[in-house]
Structures are given as C-alpha cells and as structure tokens.
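Visitor: I keep hearing terms like "strand pairing" and "crossing". Could you show me how they get decided on a real case?

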Amino acid sequence: MNYLSVESVSKSYGSKLLFDKISFGLNQGQRMALIAKNGAGKSTLLKIITGKEIADGGTVTFRKDIIITYLDQNPHFDSNSTVIEAIYNTDNPMLNAVRDYETALTEFEKDYNDKTSEQLEKCSAEMDKLGAWDFEAKVHEILQRLKIAFLDKQISTLSGGQKKRVALAKVLIDEPHLLILDEPTNHLDVEMIEWLENYLVSRDLTLLLVTHDRYFLDSVCTEIIEIDASKLFHYRGNFQYFVEKKAERETMENSEIDKAKNLYKRELEWVRKMPRARGTKAKYRVDSFHEIKDKAFSKQTEDKLALGVQMSRIGGKILEFTHIKKAFGETKIINDFSYIFKKGEKIGIIGKNGVGKSTFLNMVMGLETPDTGNITSGETIVFGYYSQEGLKLTEDKRVIDVVKDIAEFIPLADGSKLSASGLLTKFLFPPDVQYGFVSKLSGGERRRLYLMTILIQNPNFLILDEPTNDLDIVTLSVLEDFLTSFQGCLMVVTHDRYFMDKMVDHLFVFEGAGVVRDFPGNYTEYRDKKEQEEKAIGKGAKANQQPVSIKVEVPTVVIAKTEVPKKKLSFKEKTEFEELEKNIAKLETEKAKITEQLNAATNNHNDVVKWSAQIGEIIKQLDEKGMRWLELSEGA
C-alpha cells in the first residue's frame, strides 16, 4: 500500500541546484533514511514533502486518510503555551480523552467535591469507551523515557534540547501512519536513543528520516535514499549495505568518466577540424560531443573536505590531575580523582546528564577550579574546544570575514600556508558561499564552519562536545580520519555511539556521587561489560532467595512456599487506590463527628434516628472501601 509518492521534484536557490527531477515512493511499513551532504537539501526536501516549502517543479502525493506527523530539526511552538498544552494540542480523540482525564484527576486531587468527582467519573467513562487506558500508559512511558517532567513550564523557558524532546514526544504520541523525522537523535542521551530505536522498530510505523547517527540508521532503517550531485540514488538495505554499494557505484562512475574523457579527446580533435568538403559538421557528431563532454566532466568540480591544518608542538608534560574533589553543596561531582594525560590518547566521556561532565571539561581547560587537589598543565598545551552550543555567529557577517577575524593565512600540516579563502574552499565552501552571509548557511554548514575555526587555531588538545550534531555522514567520516591521525590529546563527549566506538581508546565513566571510572575500551565494549555485570548481579540475587517453609497442622509435613511476586497496579488501579485512601479518611472524619453528636445529650428523637442511620451507612461504606483497599494494597 503506497503512502507517499514523490514525482520529478526539483528545487533551486538562485544558481544553486539542490535536486533535479528526483522521484521515489514509500509504502506502508517501509523505514527509509535520507542521506546527503550538508547543504544538499535534505531538510528542504522534507519540508517540500510536508508542505512547508514549495518545489520548483514536480508533485508530492499522499494516500488519503492517513495521519502524517513531522519532526522539524528546529521545532516551533507557541512560546506562551506550557509543555502539557503543546503536547496535548491535537485532534487525536484518544489523546484528548487522556488530557481531559488528567485534568479532571488533578482538579479532583486539589479539591474533592461532588463536582470534581462527577467530572472525574465522566472522563473515566470516556476513557473506558475509547479503550484509552493503554494509550494513557503509552503517553506516560514516552514522557518518562524522554525525561519530560517539566509539563507545567512555559515553552519560552526551555532550552533547544528540551524543545526537541517535547516535539519528539508529541509526534510519537500522535500515533501517525507516516512519521517524518529530521535528526531525531539530536539532544538525546544514549539511553533515550536506544529506547527510541526499539520503539520505532517494534511499532507498525512507516518512517522517512534524516539522521547522522549511523548505529541508529543501521538498526532502524531498511532502505536508504541518497541525494548526490542533485540526483537521487536508492539502496535497498541498511547503512552497511549503503556504504558497500555507494563505493561500487562511485568506482563504476569514475571508470565511465575516464572512458568518456578518452572519447572526449578524440571527439575534440574531430570538432576542431574544419572539413573542407562540407560547410557544416555532422549534427549528430556535434550533439554526441556535447553529451560526452558533460559526462567526462560531470565530477570535475566535486571537491572533498580536507582537514590538513597544523598542530602546535606538544611537549612531554600535558595535563595532570592529583586527588581532585569538586562538589556543589551536597552534590558530589568528582571525589578524589587522579590522572596523568598522555600524548596521543583519545578519551571518551559518558554519564547521565547532571553528573558533572561539563564541570570536568571546564576544569580541564582551567575555566573551573577544584575544591581540593591540583591540576597542572604543560606549557605547550593549546586547547581547542568545540562546544555543543556552537559558534555565536553574526547573521549579517560574510563567511570569509569569520575566518579572517582569526587569521588571514593559516599554516598547514605540510608546512605551507593557505589564505582564508583557500582554506574555506578545502572545507567545501565555494566562492559564492564564502562571500555570502552567515544567515544563508544551513545548520550543518554552520557546524562545519565552527569546526574549521577551532582547527585553524592549531590546538594540540582537542575537546569535542557533541561534535556529530548536524554534521553529515561524509563530513563525519573525514573528521574521523583526521582525528585518527591526530597526534595530540583528544577528549570526546558524544551520544553518537558509532563515533565514540571508532575514536576512543578508553572511557571516563561518570557514575554519579563523585565516582569517575576509567574503563579500558570503547562504548560498545563498556555496554557489553555492564550487561554481563548486571546479569551476574541478577543471578546472584536469585540464588540467594531461599524458599520459605511453613509448618501445617499435619505432623512431619513441610510445604515449601515460593513467594509469589506482587501484581503491579495499572495506572487506573493506582488512581483508584489513591482515591480510596482519601475517601476512607473522609468517612472516618464523618463517623467521628456523628459519634460525638450521638454521645452528646439530646432530647430530639428524630436527630438520633437520622444520625444512627448515617453512621450505619458510613460503617457499611468503610467496610466495602476497606476491603477494596486491602486488595489493591497487595500491588501498591
């Protein structure tokens, strides 16, 4: 069943052609990734498909009556709305029912009365009618997994990463037929990324996504389309298959180009000749000549990113931490950490958000001082810090001026010097882009320019904080090759598991409470080791569980009773349990009040009869609610 058809779509910006008459389709259940270099039009194509931009030509057709949701690379919300309002702003009837139920429950908990109780009962009935209890559990799971606990905050107060997570939660909760995602793993930690992988694969979803995360792409997607030289190429396989087939295609193309160049030389000789017997050349030969020329030079202007800047000399002494301690109030960040950094080592830093990774990086660069202990740095150390926030660029500044503000001429690794314009060309910024404004750059091009401004300062101690965000796979591959041969020290904080595995020799694992563990290996090796440790702990705990023996009245008979695990309460039952506790407390208060009235002297027989009936009804309700409370308490 076809969900999406893209037919002969073209798009240009001025003289820059992004893609020309590209076509592809997406069927139900397919999970397709879109790959291209930064600036080649990945995000533009997604926006054309979702109707946010208009193509120069071609058509985009969706199957009728399917739900489509789109995760923008930079999502936009009403800044005056709260997070919960943004998430529940939908036409989905189930989500609306969950929203109304959550609101009624909150009001009921704030103020118990007949009105709030009636509204809660009404909303519960609607949840029953739609069968929305499982959907509500899914909503809570998504919010919990993406660590969205700030539901009452205004959108305007959120960071870019928080907004991206809210937008991701919203598109997942909407349960679309077709899900279009632009860089879904940006701003997610490894735990969230791995959960998202499993979630997308386990659901019956049709996907079209752009991502630089190669492990994510390999796990989730079964097909890949690539925009290269304004054309579209289709690969029916995962990322590993794509790498193999792309190499084969380029080898074949280069071979054809070499043949075309040889043929072009022969045809050029003929075209230059002026046959005396005829006033005109054979038209078919001239037309053929132009076709051969286009083929022969089809890749002539395609340059490759070159990272060949010089590294400052690095001495024997680099950096030494001695018994470092750091805390903020009662929260320990680093507790008695010592380490001597060695030339050429490559260290990965992992740990949950808030455990002290950024504080550690600041201490490495001397921006933060430890509470106790010493940090000594070698005299030759030149730090290069590529931060997650990126370079603060002036939008109306020309790209070349950004580089010239640092240096007019840049020393290269081979000892030569290159002008700012020449180096920009090596970083794949052609002259028309160099003299254009920063505001015209794509997100990936901005990150590439930022990387360039770091490297041209000739650092010998590189610190990369989320370097893979918004960089295309081609640029990442070149960066990895450069870092592999980098002779200085490298420290990487990243959620890109592929990049981490390829680059680092060992890890600093921030485990919390000030504990920093030095693990000898890459991220995948660490995860495997951790899983083995967790399994060993689980087996040990199971082995230590001894059966409980209970003697019964029959002599010499012993029955071994294994403890039955408690049944976990559903969200609905948990809510009922909490309401029962409140209702029982309220009934006990009423019972005490009426008992006090009965004990007081009164001559009014009617009052005594009324109070007696009331207390009888209260006792009956207490018995019923008490029994139900006992049942539910087994799973609480």
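Guide: Let's go through some helices and strands and check the labels against their definitions. This is a predicted model, where local features need pLDDT of at least 70 and side-chain atom pairs count only at pLDDT 80 or more, while totals for chains, interfaces and linings use all residues. Residues are numbered from 1 along each chain as its sequence is written, and side-chain values use heavy atoms, leaving out hydrogens and water.

Visitor: How do you know that α6 and α7 are roughly parallel to each other?

Guide: Helix α6 (residues 160-173) packs against helix α7 (residues 190-202) at about 15°, with axes 13 Å apart. Angles under 35 degrees count as roughly parallel, so α6 and α7 get that label.

Visitor: What makes the contact between them, by class?

Guide: There are 7 nonpolar residues, no polar ones and 1 charged. Ala, Val, Leu, Ile, Met, Phe, Trp, Tyr, Cys and Pro count as nonpolar, Asp, Glu, Lys and Arg as charged, and the others, Gly among them, as polar. From α6 come Arg-165, Leu-168 and Leu-172, and among those from α7 are Met-192 and Trp-195; contact means heavy atoms within 4.5 Å.

Visitor: How do you know that β10 and β11 pair?

Guide: DSSP has to find at least two bridges between two strands. Strand β10 (residues 319-328) and β11 have 7 bridges, in the antiparallel sense, so they pass that test. For instance, Glu-320 has Ile-340 in β11 as its bridge partner.

Methods. Helix = DSSP H or I, 4+ residues; strand = E, 2+ residues; numbered from the N terminus. Axes fitted to C-alpha atoms, helices over the stretch in contact; angles between N-to-C directions. Parallel < 35°, antiparallel > 145°, perpendicular 65-115°, else oblique.
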